[in-house]
Structure formats: C-alpha cells, structure tokens
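Dear colleague,

I am handing over the structure below, and after it I set out what was found. Please read the notes with the structure open beside them.

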Amino acid sequence: MDRSYIARGLDRCATRRFLMWLLPWALLLAFGVYSAGLCLVKGLNQTNMDNRFAFGLWIFLDLTVIALGAGAFFTGFLVYILRMHELKAVINSAVVIGLVCYSGAVTVLMVDVGQPLRAWFTFWHPNVHSMLTEVTFCITCYLTVLAIEYLPLLLKNRRLRQVPSFLVFEFELHRVMYVLAGVGTFLSFFHQGSLGGLYGVLRGRPFAFREALGVWPSTFFLFVLSAAAVGPSFVLLTTWLVEKIAGHQLVERPVMQKLGRLSGVLLIVYVLLKAIDTLVWMNRTTPAEGFSPQQFYGFEPFGVWILFAEIVVFGLLPAVILLDARRRRSQAWLLTAAGFACAGVALNRFVMTIQTLALPTLPFDRFLSYWPSWQEVGTFLAVVAYGVLVYSLSYRYLILFPQERDLKAR
Amino acid sequence: MGLGRRDLLKLMGGGAAGLFLTPVPWRLIDGVAIRTENWPGVPDPPRGEVRTRYTTCTLCPAACGVRARSVVDQPVSLAGVAAHPTSAGVLCAAGLCGHHLPLLPSRVRQPLARRGDKFQPVPIDTVAAAVAAALEDIRNSGSAERVAVLDARPGRTASLIYRRWLGTAPNGIYLLAPSADSSASLGIDIARTGTVLSFGAPVLDGWGTPGRVLEARRSFRLIQVETRQSRTALLADGWLPIRPGTEAALALGIANVLIAEKLYDAAAARSASDFAEYAALAAEFPPQRAAELTGLPAQTIVAAARDFVGHGTAVAVAGSDPGAGPMGDGERIAIAALNVLAGSIGREGGFLPRGEAPRPPGFEEAALAPEHGIADAPDASIRVLIIDDARAAGAWCWSAIERKLARAHIVVALTGSLDGAARHADFVVPAPAYLEEVEDAPAPPDVPAAMFSLAGALLKPPPEAVDGVDFLNRMAGGGAALADVLKERVAAIHAARRGEVFHYTDGARTAVSDVKSAEDLWKALEEGGCWIDRRPAPKQEGRVTILGAAADRVLEAASGRLPADALYPLALVPYGWRGASGGAVSPIMTKLYQESDVETGGDTVELHPDTAQRYGIADRQVAIVQTRCGSCRRRVRVDDAVMPGVIQAEVGPSASGNCRPEALLDACGVAGDGTWRLARASLRRA
Amino acid sequence: MAAKKPARYGMVIDLDRCTGCGACMVACAIENNVPPANPEATERTGITWMRVQRLGNGRPFPDSRAVFFPILCQQCGHHTPCVAVCPQNAVEVDAATGIVDQMPQRCLGCRYCMAACPYHARYFNWWDPAWPAGMEKTLNPDVAPRMRGVVEKCNLCHGRLHRAQAKAAAEGRREITAGEYVPACVEACPAKAITFGDLADDQSEVAQLARSEGAFRLLEKLGTESKVYYRSERPWVHQAVKSGIGKEPQRG
C-alpha cells in the first residue's frame, strides 16, 4: 500500500502489520501525553518531587538519554571529521536516535519546569555564569543541527526525492555535512560537559562538587568523555535491537566490533580519569568543605557499593571486555559489555542527580527518599513511545542502514 | 500574469520571515509571559489607605497590646505594642494571625439548633425562648436543678454581668472553665524572681504573659518538672523528667528535704496554721520514697530542693497544660505549699497581690453569684448550661462537664466555631469573633497589679451575631448592652482616680487623675490603651492554711496517680499549646502543623522507639490508642526523647484537618477530681 | 556628598533564647503573602520562608537535648550558590544592601537554585496559591503574591525596606535609621532571639554579636559567607552542629 514510499530493494513488512506494531506505542504515547497534560494543567504537584528533591526522575532520565544520544554527535565526528568511512553504515541511525533523544528530552524539560511559557527567558536574560544557560543554548542549537542532519535522510525518501529541488538541496547539504558535524561536535562537547558542570559547580552539595580545571569542574570533562564512550555502545545496542525486530542483518559485523572498540578505548580512559577524580574528591575536595566521604555513603541503600558498581562493574569491566578483540567477535560478549557501559553511564547520572539531593547537608537534615509518581513515569514513557514511533517510521520509509541492501543481496 | 502557487508560497515564506522583524511576535511572546504572572488563581492584594489601629488581644488571658496595620478598615497584619507594661511588645503566633479568625469560612454566622446530628439555622428568639421556657420551668416546679454559665474567660466585665444575672436566675451557678483562674489573687513579680520551679507549666511557651516572662528570662533560673520534654523543658536550666502523675510526690519530697535540712523560711512557716501537719505529711516522703515514686534519683531530688531555695526568691508554679487541662487539687496544694516553705508569698520576686479594676455600680460581690470550679457542681444537677467559649484558650474534656448535666438539659454554646463546646450543644449562638466587638480584659493571671485593657473593635460583626450579654438581655427582656456597662466601668475607674493609662499609640503614660473626663478616658482606651494600677492591694492578714481539709487529697495525689493496669500498661499524656488547642485556628497555622515539623499535629502521638517496637508499630504508621473510656486513631511518630512507656498525644490542629482537638480527650476520661490529664492506655496497629 | 557605604544586612540568632514557638514563621507568612498549605502539602512541599528546625544531641531519653534552629535564606555573600546557577538571572545580590533578591516574575521554575542551596532555604510553588474564600482581603499590599511553578524565598522583607526608605524620603532624609527597617520575623520573635542590622556597620549590635564568642555560621567551610549567624553559650550545641549531618532520625 505504501510500497512507493519504501526504498527499492528493502524488505519491509506489510502495511497492516506495521500499523499493528505502531498501535501499542501510539497508545502508550497517548497515555504519556495525558500524564504530561496533567502535570501541565494541574501543576507539578502531580509529581512526587518536593523541595528537597527538586529534581527527580525526569532530570535523571534526561541526562541519561542525552548521554546515550551522544552517539549522534560522536559518530558524526568520527565519520566526517576523522573520516572513518565504515561507520557510515550506522550514522543515519545514530542521527535519528540523537534526534529522538534530544527532542524527547527537551519536551520533558518543558513539562518539568514550572512555567514553560517562560522558557524563552533564558535567551532573553541569559546568565553567563550559569551552566544551565549554557546547556539551554547548546541543546537548542544542537537540536537544530540534528534536525538539519535529519533532513537529508528525509529528503532521500523514495517519493520525496522525486521533487528536484529537494534533491538539489540534499546534495548541497551533503557537501557541508562536515561543517554540520563539526558544529554538532562543538555544541555537544559543551552541552554534554555542561550537564556535568551543572552538578560539579554546586558548592552547596559537597557530594557533587568538584574542583575546577579552568572554569569548568572536572565533571564537565568526565561527562563529555563518558557520553562519547557510551554513544557508540548505544548505537551498537540499538542496531542489534532493530536487527532482531526486523529479522535480518543491517550492518556488517566488523562495523559493530569497531563501535565496540571505540567504546572500549574511550571507556578505559574515562574510568582512569574518573578514578583519579574520585580520589581527589575524597581526599582533598570534600574535607576542605568540612565533610567526609563516609558521610556520603553511610545511608542505605546508597552504600559504597554504588561507587564500586559505577566505576568497576559497569565501567572497568565492560571497558576491558570491549578492548579484547576476541570478545568483541562474540555477539553475546559485545552486547553485554555495551549494555553494561550504558548502565554505567546511567548509574553515574543517577548518582549525580538523585543521590546528590538525597544526602543531607545540614546537621538537622535527614536522608530522604523519593519514588516517582505514575504521572512522571507516564510522561517519560511518552518519550520512549515517541522515540519508537519516530524511529519505526524512519526505519520503514528512509534508508537508515546503507549496508542493508548489500547484505540482503548476499 | 497571475499569481502562481510558487509565488504564493514565496509570499507566505517571506511574510513569515519578515514578521520577525516587526514587534508583533515579540509583543505576543511578552504578553504570554505577563499572562503567566496573572493566572486567574493568583489573588490581588487589596489597595487603599494604610492605617495603624490599636486594640488588645483577647485570645487568651495575657491581654497583649496589638498594633494592627489595616488597609482601609481591614487589618492585614498584627504586631505587638512596644513598651507595653506587661506584654513588652510581644504577640505570640496565635495573636499574629488573629485577624484571620473573623474570616474563617467555617465560622458560625447565624444561630443554630441541633436536629439529630446536624445543625439548622433558627432565629435567635427561638433559642432565647427555649432557654427562657426552661428557666420558667425550674422556677415553677421549684426543683433544685440549676442554671449555669460556664465562662472560658472569667474576670471580664461580661463575666460580672453573667454573675449578676445568675444571682437572679433560679439556682444560678457560675462556673469557671477548666484551668481558668480569674480569682488568682496573687501574681508573680517575675522580673525579680530568682528561681522558678515549674511543675508542668509551659513557662516559656504560652504561660502568663509571654512577653513579660521572656523579657525576664535571663534573670531567673528555671527548673522544669515534666514527663514530656516540652519546649520549656528544653530551654530550662534543669529538667526533671518525672513519671506521669507524680508531681505531688516530688513536691512533698522536696518539702521533706527543705524541712529536714532547715532550708525553709521560718517566718513563713510560723504564719501557717497547720505547718506541723504539713511537716508530718512531708516526713512520709523522704528522698528515697519520692525517688521510687517519681523515677528520679534520690540525689537529684535533694539537689533540686537545694537549688530551689539557693538563688534568690523561689517560686513554685503548678502547670495547667492547654491540652491536658488542670492539675488536681492534691497536686496544686502540694506545689503551692512549697511557696510557703520558700517564703515567697508577699515578698519581692515572689507572689504579690493582684487586683481588679473598680467595678461599675451594681456589681458588688454580694450581688453576684460566686465563682466555682466545675467540680463544685453536683453531678446531674444542671438543667440549663450556657457556655461562653468564644475565645477558649485550651481544650476541654467534655465528660468533665457532661456528668454535671441533668438528664433533661439544654446546652447553649456562645461560640464562633463548631469545634469545641458546640459539638455537644443543643443551640449555637454566633458570638462576635475576635476584633469584632469592643470588650475588655482583666490583668493577666501572672501580673501583680490591677489592670483593665480595652479591646476596641476593628471589624463589624455579621448581622446575626449575638454576644453573651445580648443573649441574656433577650431572655430577660431588656438590659444594658456590654458596651454601655463597659463605659460605666471606665467611668468608675476614672472616678477612683488611681493608676495610669498606657497609650499604645505612642507609649505615653497618663495618670488617671490627669484625665479630664470619663469620656476622655474611654476614648484613650478605645484608641488603644490599658489602665494599670501597680499600687498593691492590701495584704491579707491572718494565718495561711497550707493543707486545710485537703490533706487526704494531697496524700492520694502523692501516693500514686496512675495505678498500674495490666490491660492498659501505657500512660497517655495529652499536651497542647495555648494558641491552638482551643478551637478553630487561622489557616496560616499550617506553617506549624502541616508544612513543617514544628508541631507534629493533633492526629499524631509520639512514642519511644522501644515502646513502638513492643507494639509492632513503625514510624508514621497509624495506630489505635485505646483507653477504658474510648479510643482514637492516631499516626505514630517515633522519638527517642519520649519517656519509655508513655504516649504523648498532641491536642491541636492536624495536617489532615479532620481531627478535632477534643476527640482525644474524650478517650482520656475524667478522674474523680475532674481532671483528665492522664490515662492508662494501650496501643495496637490500625 | 560622600557615597553611602553599602550595607550588609544580616542577623544573629540566639539559640539559647529561641523557644521554637514558630511566631517568626507565622509573621513571615503573613507579611509576605505566603499562602496556607494546599490540603495535600506536607513538610516537604510546603512553603516556609522561615522555618524552625530542631537539632538534637543524638542521645536518647533522659539525656536527650534539643535546640531550635530558625532557618531562613542565609543571604550568602560570596559564591552565592543560587545567584550563580539561575539561567535567567532571576536571582541577584543587591549591591546596596547585600540582600539576595528573587524575582518570581522571571523565574522559570527550573529549580536549579533549589538544588544548589545547601541550606534548603528555597521553596517551590507546587500548587496555585489559594486562600480560603474571603481571606484575600488580608493580603499585604506591599508584596506581590506568586504564581504556581516559581521558586520563592526569604528576602529579608525587602518590602519593609522599601517602606522605610519611602518614609524617610517623605520626611526629607536620605538614609533610614537603624530600627526603621526590621523584617517581620525579627519584630515578631517573643523571645527577642533575633538581632538584625547592618553587619557592615562595626558599631552595630548585630556586628558585635556576630564577632562574639560562640557565634558561628552554618556550613562555614563552604565559603558562602552567609549573613545569618547563630550563637549559643552551650557547648553541646556547638558540638551537635559540628558532629555531622543526617543523624536526626525524626523531628525537624
């Protein structure tokens, strides 16, 4: 029925089956929109956030999702700046994932703030000292960049490319793709870093506060590095997932392994720097503020195990596996390690957002706990559903995996 | 050449781009932002001329001076009056939000009659007629049933009017509300006191006149005797955590030490007619026995006794917690006796005479029904009970009152809220709220002087509001309104030419003898002022009796207030705060009761962790507190500062808003002497 | 005419006098049009610009002791955490007075400042403000009520400062005298536990108390240079403040 929209030579299921696939996600999206609507109409009392947990599930997931979506900028950087042409096999998919992750995060942020209609104030009255200003500017610009990077994909659709001006536009755009990639990398470096900087500058939260290198706290650089490390892993995982659902191979195995190796290299560097940073933080920064590291890990369930899990189990371990060429060749090891790497970054974001706020700072504070409400979970599930829907539509009607046709031929 | 589709698209695109160069989109966005500041839900504060007006707070007996900042005629904030002779510029948390009380949506605005479980509006004449009919019935049948007025704020001019009316009513009896003590003939010279030994009195937390007490704080030592670690206990110089109900035992134990070590005032002892009896009673409570009963180490009791008399004039006060109600006679007498031993009665820094403003003509003591405590009324003897609890500063246990009612009875509540006495009333008469009617306040119970403070009206009452005097006049078919009697009283003060007027407006003082006329005096007081006469009333000559006929009550109180009970092993200790235990409070009190942990709230009880564990209840779980008289549901808060084996129960507003202060007290039950401050209880998880 | 030296308004709170009565909390809410709680609000979602906390000595009955700590915006003077992080510049330190001002009209409600504040002195409007019907006429005309979704906090009753300055101007004076400007909490405290004034004026009572033995600030090592000092002559209070965070299992 919609065959004319689907690129030649690609196997896609029947329209009806596709719609059946979309249906539950659409329903989930509807539920999520309702949840978000409740928060917008009735106010943020619909969530379980409170004055101590000013940030909750949404911010944690925003940070995680943006870190995972870093595959977009990093793969772009590798393909167009460092000229690793074999990664062209996944760059399109990475861009779509990035677009979905960033647009979803921005939407959730609009629900998260108390007065979304004032969102433009940050552009009108920017505070040059605030990390959040930096984040806002860079993410907005980067979203535009991603949209522009997505445009060629869209324009190469079988039907759309029949419009000559679209084809010309797409061709011209492709010529400057490396500029876009460069800009995207630059912007991403800053906003990924600033997301880390958000917490590293918090002098009032000794658990999160880090000493500065230049004007940026060490978390700035650690966040960029961890995002770059985990980007390829997430692209790897999503590619595998799409292959599983689609039922056929989309990408050559060496490309997957290359992604794994890239992740591994960056991850080991990250783990090393993170370990140094943690030692400095524990032995110098924290005592200078009048706190001791034991105070941070003395509250269940956030014991020292969480630090160990973040750096060793979900950091060092997957890095070592991904650096081993033999292990990379095994699909199971590769995917598990990639999964662990992603989990490690998620855990790192969790620790920075939730644990920071749970910990008491004053002598008469208590350690508090927080569980998200169903409206918060629903809003986030809307983003997941939206992501799946956009990706599914892109997968069906656009060429996300250039190697697919060749692999099919074999 | 026509416009093609492409031209149209180009025009639209160009137009859209160009629009951004005009102010239009920016103004629209700006307008949207302004809209976010003015959502329909955000109220607009009223505008108008800002005025400063003065009155006196009548929410509790402290009678603090009030400076009201008003927008046109609506007070928007209240503050104390600096340099006020007794309140020293202070208003407590309840006083600060008193101006909200007339506006509470739940306040009673029209007369109501009970029909089953609900109230229905009726004309005031129906109520007056019902009461008049009952009075007529008593007169005609010649029965011994009584007519009573229960007064939450005795000592006012309105109280005098009630007492005079009761003098003419058949078998009239005038009852003081529990813990109200207008007949206190002695105040405390706190500015020169050396040591205060307080048995459960919330000395630093809503007792006497807070401004006066706190101003003097640095100059006296405070020893707090209390089971609960109250705010006063936390700030006292010493805290003696006794077992519940053992105040009398401790008082006798201390007396024992003072007598044994000859630390008491010999002259004062000589002036007591039954000192030998008292000493014999105290001899039965040596430190060891007092220690066994109170749970304090014997050495602590000895040290406390020495401490009590070791630093200047010593004053012992018996508490009356606003939630737990009054102490029994036994305790009060045992504690008061310590003042005889300390020789602080009639001495500087101790108890000095407190007086009363001159009364208007026709209100001599002989013409008035005498003051009685509730316990003085025989059980089941009251046919008509009129309760004036419009400003009750403390919760009452209804059973203490209920047992005095005859089988067929009428209860009329003159009140502003349906909490409190109105819960059990047959008729509710809407009293004017605080700030709505000119009224007066006598000297606070702790002030050793004669005082008369006028509380000017800052607001208009609702059209159907009826004050107590007005209500009595309706039944009597006429009579002077309260305002007129107040004017007569001011005239009497003027005629006596004693004392001075303190003007709230500028802190000036004028001798009454310099005020030209009674009208001028009235005007000065109504604008904001109080009359105070520090000349001491003549000392009572003659000997004092310490125990009187109450020796056995004292012994009973000291020997064991709270017998062990296998089924109900815990001690239930209610407590409250004067500003909030009495009835409806301002919604801004959520700051204390809901939005912070300053007060845990009337729907919670506090337990020691061991106690909680023994009954299998975790922090914040709901439990049922069961006594022999009833039960109630409460949320448990675990606090290791609570004495093990004790349930501390707050009597006050609750965060959930659906828990009335008195409901817990109904479960406490009333002891033989009319007190409800302790009960045996048990717990189980809900 | 010589330039007026900028003031640094601050306070010293005597912990040995504070009875924990909460009068400061009530006076603050009335002065600043802070609404009563929504029925679903708790101590974690309410708005209490001034809030009395309780710090215990960590020992059980009968050795337990507690001290009451009124907590308000500490008016940090250096590296002010909330000023640095607000993306819209909706918070600023007023150079003439040292007061940390919040502009609710510009606040986006991102709550970054709330995460930054170590004193938990900032509060978010989780609900629309609602007063019982008829009670809107008791609002203070000098202070704008806030709308849902914005952060608010103590600003040392800046409205009262404006009022004092207007009164001085009407009387032809350029400066207000000490005592003409007093925040609501200071005025209301029945125990007179709060001393308020210009810390930059060495002769003022507040400056002398701030320098006195037994005066301290919370979280001094963070370097926020807060302008709210606490003092106590009881050694166990100092001990409890130093002994560590998060030990209070209940009440506070």
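Arg383(B) counts as buried because its relative accessibility is 16%, where buried means under 20% relative accessible area, exposed over 50% and partly exposed in between, with a 1.4 Å probe and protein chains only. This is a predicted model, in which local features need pLDDT of at least 70 and side-chain atom pairs count only at pLDDT 80 or more, while totals for chains, interfaces and linings use all residues. Residues are numbered from 1 along each chain as its sequence is written, chains are lettered from A and ligands numbered from 1 in the order in which they are written, and side-chain values use heavy atoms, leaving out hydrogens and water.

The side chain of Arg383(B) meets that of Asp137(B) in a salt bridge at 3.0 Å, N to O, the term standing for a side-chain nitrogen of Lys or Arg within 4 Å of a carboxyl oxygen of Asp or Glu. This pair links distant parts of the chain, 246 residues apart, with Arg383(B) in strand S15 and Asp137(B) in helix H4 of chain B; helices (H or I, at least four residues) and strands (E, at least two) are DSSP runs, numbered from the N terminus. Asp137(B), for its part, is partly exposed, with a relative accessible area of 36%.

A second salt bridge in chain B joins Asp565(B) and Arg628(B), with the closest N and O atoms 3.0 Å apart. Here Asp565(B) counts as buried at 17% relative accessibility, whereas Arg628(B) is exposed at 56%.

Over all chains, the structure holds 73 salt bridges.

Best regards
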